[in-house]
Amino acid sequence: MSLDQFTPLTVYTIYIASTPEKVWEALTSAEFSQQYFFGNAVEVEPRLGGAFIVRTPDGALHISGEVLAYDPPRKLAVTFNVNWPDLIEKLGPTLVTYEIEQVGDAVRLTMSEGHDRPLSDDILAGGRSGWPAVLSSLKSLLETGKPLVVKLGPPQRMLDALKAMGIKTP
């Protein structure tokens with residue numbers, strides 16, 4: 001799998017009053033990520049080709065992937081595949097890339113979600129509703145020491161589109 005096969009379809013850029021090292025730790029530490037990522041724990045094997053895993057608060061495997069770019073504290077790119085039956089076969093893999101840059105006293109964090117094929121806006125609605133909440137909570141945690149309390153689930157629009165494609169969701 002290579003980075004070249006993915007086209008970014010969703011891109012968010014935020015500025016955080018922090019350092020690149022702290023942002024990197026927040027993105028790659030299970031303990032830190034549980035605080036801002038809806039209780040989910042991110043586990044990153046620190047090498048190219050290493051494992052990328054997101055576990056739900058009860059420890060179940062939710063997302064799995066592979067590290068495709070690993071350049072601390074500047075760039076992390078991973079395949080980010082939700083472990084729902086038939087999802088990968090019908091929608092293909094997802095690539096999530098974080099780029100971290102020092103900009104004055106702040107950090108510019110750019111997150112992109114790419115795919116290897118065109119996807120409908122209904123399917124993309126999942127990431128487009130979840131990523132702003134995750135990134136805003138990350139920013140709040142780094143700047144204030146407190147994550148945001150945001151309650152949201154997968155958008156019905158995305159769930160309906162997946163169901164129409166024969167993809168079972170929990």
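Hi everyone, a word on ground rules. The model is predicted, so to speak of local features we need pLDDT of at least 70, and side-chain atom pairs count only at pLDDT 80 or more, while totals for chains, interfaces and linings use all residues. Residues are numbered from 1 along each chain as its sequence is written, and side-chain values use heavy atoms, with hydrogens and water left out.

Let's begin with the aromatic residues. Rings of Phe, Tyr and Trp (its six-membered ring) pair if their centres lie within 6.5 Å; planes under 30 degrees apart are stacked, over 60 edge-to-face, and the rest tilted. By this rule there are eight aromatic pairs. In F37 and W131, the ring centres are 6.2 Å apart and the planes are at 45°, so this pair is tilted. F37 sits in the loop between α2 (30-36) and β2 (41-44), and W131 in helix α4, so the pair ties together parts 94 residues apart in sequence. Helices and strands here are DSSP runs, H or I of at least four residues and E of at least two, numbered from the N terminus.

Are these two buried or exposed? Buried means under 20% relative accessible area, exposed over 50%, and partly exposed in between, with a 1.4 Å probe and protein chains only. F37 is buried at 8%, and W131 is buried at 5%. W131 also pairs with F80: their centres are 5.4 Å apart and their planes at 50°, so that pair is tilted. F80 counts as buried too, at 10% relative accessibility. One aromatic cluster takes in F32, Y36, F37, F38, F52, F80, Y98 and W131.

Staying with helix α4 (residues 121-144), have a look at A125. With 11% relative accessibility, A125 counts as buried. Its C-alpha atom is 6.8 Å from that of P155, 30 residues away along the chain.

Over in strand β1 (residues 7-16) you'll find T10, which is buried at 4% relative accessibility. The T10 side chain makes a polar contact with the R128 side chain at 3.1 Å. By polar contact I mean N or O atoms within 3.5 Å; within protein, one must be able to donate a hydrogen and the other to accept it, and residues adjacent in sequence count only if both atoms are side-chain atoms.

Finally, which element gives the largest share of the lining of the largest pocket? That's α4, with eight residues. Thanks, everyone!
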